[in-house]
Amino acid sequence: MTADDVTRATRTRAKILDGLARAERALFTRPAPKSARAQMKFLRTREKGSTKSLAARLGVSRKTVQRYLSGASTKPNKRLRAALVEETESEWQPQVRAQARQRAASSSGLIISCRAYFGLGPEGTSDAGRVRDITVAVSPSHAATIIAAQKESATESDLHDAVAEAIADAYFRQGGGGRAGLEVKFTDVEWLNITF
């Protein structure tokens, strides 16, 4: 892989993970804590009351955590605010997320919408590679593979391959129908949304 391929794969992985995170946030039945103090309190409970663990998780000092917990500080800098939102939302309502993942992997699948470059065949044919907007319902088995790759912190290529195979199978091969075995190139992802 060239340096450009690695960079592209890293960006694609980030877009896939971001799409999955947004899909999970849409499932929340109650809003996640919004204030820095409420977020700190929530995250401290997830760290079993340890301000030291929470400080390490957020990349700040223990005194910083204590200032927010006491209410002495209320306005975090941009980096800390982003870390608080990300960490809070990643821990919020784990049972709701787990149920949605289980449902997607066993019965309902996922809906993936994206704009990316898809290449199927030689130039000059209707299958020539081009940027396409695609929305497709992927099967529960593909959903299970994507969710497992996310859960196991899969490499860029593993996660990319799981999503590419799901889209290719559902959209281009029609579930293994008329175009079974068709090789599909999936690159240059501009945007990607996932819905449970």
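1. Of the 196 residues of the chain, 40% count as buried, where buried means under 20% relative accessible area, exposed over 50% and partly exposed in between, with a 1.4 Å probe and protein chains only. This is a predicted model, in which local features need pLDDT of at least 70 and side-chain atom pairs count only at pLDDT 80 or more, while totals for chains, interfaces and linings use all residues. Residues are numbered from 1 along each chain as its sequence is written, and side-chain values use heavy atoms, with hydrogens and water left out.

2. Overall architecture. The chain holds 8 helices and 3 strands; helices (H or I, at least four residues) and strands (E, at least two) are DSSP runs, numbered from the N terminus. Read from the N terminus, the order of elements is α-α-α-α-α-α-β-β-α-α-β. The C-alpha trace spans about 65 × 40 × 25 Å along its principal axes. Contacts (heavy atoms within 4.5 Å) were also sorted by sequence separation: among those between residues at least 6 apart in sequence, 64% join residues at least 24 apart.

3. Surface and charge. The accessible surface of the chain is about 10900 Å², and 50% of this belongs to carbon and sulfur atoms; the areas come from the Shrake-Rupley method with a 1.4 Å probe, and for residues only the protein chains shown count as cover. There are 32 positive and 21 negative side chains, and the centres of the two sets lie 14 Å apart. Lys and Arg count as positive and Asp and Glu as negative, with His and the chain ends not counted. Each charge is placed at NZ of Lys, CZ of Arg, CG of Asp or CD of Glu.

4. Aromatic pairs. Rings of Phe, Tyr and Trp (its six-membered ring) pair if their centres lie within 6.5 Å; planes under 30 degrees apart count as stacked, over 60 as edge-to-face and the rest as tilted. By this rule there are 4 aromatic pairs. One of them is edge-to-face and joins phenylalanine 42 to tryptophan 92, at 5.1 Å centre to centre and 70° between the planes. The pair links distant parts of the chain, with phenylalanine 42 in helix α2 (residues 36-46) and tryptophan 92 in the loop between α5 (78-91) and α6 (94-108), 50 residues apart. Phenylalanine 42 is buried at a relative accessible area of 15%, and tryptophan 92 is buried at 10%.

5. A tilted pair. The ring centres of phenylalanine 118 and phenylalanine 172 are 5.4 Å apart and the planes stand at 45°, so the pair is tilted. This pair, too, links distant parts of the chain: phenylalanine 118 belongs to strand β1 (residues 110-119) and phenylalanine 172 to helix α8 (residues 156-172), 54 residues apart. Phenylalanine 118 counts as buried, at 1% relative accessibility, as does phenylalanine 172, at 3%. Ring pairs link Phe118 and Phe172 with Tyr171 and Phe186 into a cluster.

6. Helix α3. Which residues of helix α3 (residues 51-58) are buried? They are Thr51, Leu54, Ala55 and Leu58. These residues cover an arc of only 100° around the axis, so they lie on the same side of α3; the arc is that of the directions from the helix axis to the C-beta atoms. An α-helix has 3.6 residues a turn, so residues three or four places apart point the same way. Exposed residues Lys52 and Ala56 sit on the face of α3 turned away from its buried side. The cover over the buried residues of α3 includes α2, α4 (62-70) and α5.

7. Threonine 51, in helix α3, is buried, with a relative accessible area of 11%. Not counting residues up to four places away in sequence, threonine 51 touches Arg44, Arg62, Val65, Gln66 and Leu69. Threonine 45, in helix α2, is exposed, with a relative accessible area of 54%. The C-alpha atoms of threonine 45 and aspartate 158 are separated by 33 Å, the two residues being 113 residues apart along the chain.

8. Backbone points to check. Lysine 48 is not a glycine, although its phi is positive, at about 55°. Lysine 48 is placed in the loop between α2 and α3 and counts as exposed, at 78% relative accessibility. Aspartate 188 also has a positive phi in a residue other than glycine, near 50°. Aspartate 188 lies in strand β3 (residues 185-195) and is partly exposed, with a relative accessible area of 37%.
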